[in-house]
Amino acid sequence: MMKKAFSQVPDSSMYRLGDLSAQYINGKPYYVAPVEFAGFMSWFMNRTLPGYFIISATDINDTAHFVKEKLDYSETSWFSHNIARKIYMSNPKFEQVGEPILEIDNNGQPYWVQTLLNVRWAGQLVFNDIHVSLTNADTGKTTVYATKDLPKWVDAGVSPEAATRMNRTYGNPYAFNFRHKNQIKPTENGSESGVTPVFNNDRSISYFDDFTTVTSNADSDKGYSLINTRTGDLTFYVGKNVGIMDSDGAMKVAKQLHPQNKWHGSNPVIMNIDGTPTWVVSMMDQNERFREYAYIKGADQNVIGEGANAADALASYRNALAGSVQTASANDDSIKTETITGKVARVNANATLDDKQVVIFKLADDDTLFTLDPSKVQTALLLQAGDDVQIKAKTVKGASVANVIALTNKSLK
């Protein structure tokens, strides 16, 4: 979308679009990308960049906006106005890890944010003492902060490249790292140098990546990490995600969904959908344009939901989850039959599953989605919110979808 809007840039043929970054501006999530020089002659003839692009990270109806703002310092500037040289001259004892990220403060002023790390013997980077350089993109004033002292508006004190190196160090069983009995490695299938930035509920941002085993091609997930983009804190998660496919497996499944269109998966992220670990994958065409979302059950590659937007993909996936309960093997130890009573809170009598009509409803104070074949219980088509019902349902352990095999509507006269 930013490339399509690039004609907004004056003399646009002299420039190119820079790297995208995720950040909050005045509390709202955005993607920001600088306009960069196309080469030496572009810099020599212009000397300053005309501005940057910004677009909402959550509003699909938003368009890319070009913001006019003079940038005297950048990655593609030359000599003393090159941002890497500027930072090095101010901080020669640190190593710059990753590319500088353009961040916008709450007053609209652009800054270059660069991760700085100390280097110890044998070239090893020290991740427990991260510093961050902030450079005013117009004046070139540079200040170095420890992560705990960063201004509140800074989100990406840790670059994606630094996060990927942290993941590699965490998974490496050698180099004085004995915390793992099994060798694991990050899959590095993320959108930014191997990791994917995700916006959190507490208005922070984390880099996501999942880990797999290095000793086989089993596509088995061994856990995943979230690295706080501001502090560099790495948290590793396992628990119920062990036993599911890793992102490599999810990408292989996604590639097989539309072979005739040659779509492929991108940005795989594990999410908790109705209590079920689920891979959410962005489907891209050959021109890297987004086409749809694919929701893939982590423990079963045959349970898939697709949609052009998140709402449609979620609805499709929930139908697929319901179908997986209906077709589950009768001798499956994870299946049990329960008798449940309650009041209907929501109902959809016109839902479809595998091209067949089904009734889907939810009871008050119960997050389970119940599905029912109306050809077996025709009175289900008369179900309404507020009805008192008694149901017998087949459930699968760990799933939030259940298949109803018997229904008594006490409110139906």
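Two strands pair if DSSP finds at least two bridges between them. Keep that in mind for this tour, along with how the elements are named: helices (H or I, at least four residues) and strands (E, at least two) are DSSP runs, numbered from the N terminus.

You have a predicted model open, where local features need pLDDT of at least 70, side-chain atom pairs count only at pLDDT 80 or more, and totals for chains, interfaces and linings use all residues. Residues are numbered from 1 along each chain as its sequence is written, and side-chain values use heavy atoms, with hydrogens and water left out.

**Stop one: the whole chain.** Show everything as a cartoon. The protein chain has five helices and 24 strands. Of its 413 residues, 49% count as buried (under 20% relative accessible area, with exposed over 50% and partly exposed in between; 1.4 Å probe, protein chains only).

**Stop two: the open sheet.** Select S16, S17, S18 and S19. These four strands form an open sheet in the order S16-S17-S18-S19, with antiparallel pairing. Color residues 264–273 (S16) and 304–307 (S19) to pick out the edge strands, each of which pairs on one side only. From one strand to the next, the twist averages 20°.

Now zoom in on S16 and S17 (residues 276–284), which are antiparallel and joined by eight bridges.

**Stop three: strand S8.** Select residues 110–119. Why is S8 largely enclosed by the rest of the structure? Eight of its ten residues are buried, so there you have it.

Bring in the strands that pair with S8, one at a time:

- S6 (residues 95–96) pairs with S8 in the antiparallel sense over two bridges; look for Gln96 with its partner Leu116 in S8.
- S7 (residues 101–104) is antiparallel to S8, with four bridges, and Ile104 has Pro110 of S8 as its bridge partner.
- S9 (residues 125–136) runs antiparallel to S8 and is joined to it by eight bridges; Val113 is partnered by Leu134 in S9.

Finish at the hairpin formed by S7 and S8, which has five residues between the strands. Click Gly108 in the turn: this glycine has a positive phi of about 90°.

How values were computed. Axes are lines fitted to C-alpha atoms, for helices over the stretch in contact, and angles run from 0 to 180 degrees between N-to-C directions.
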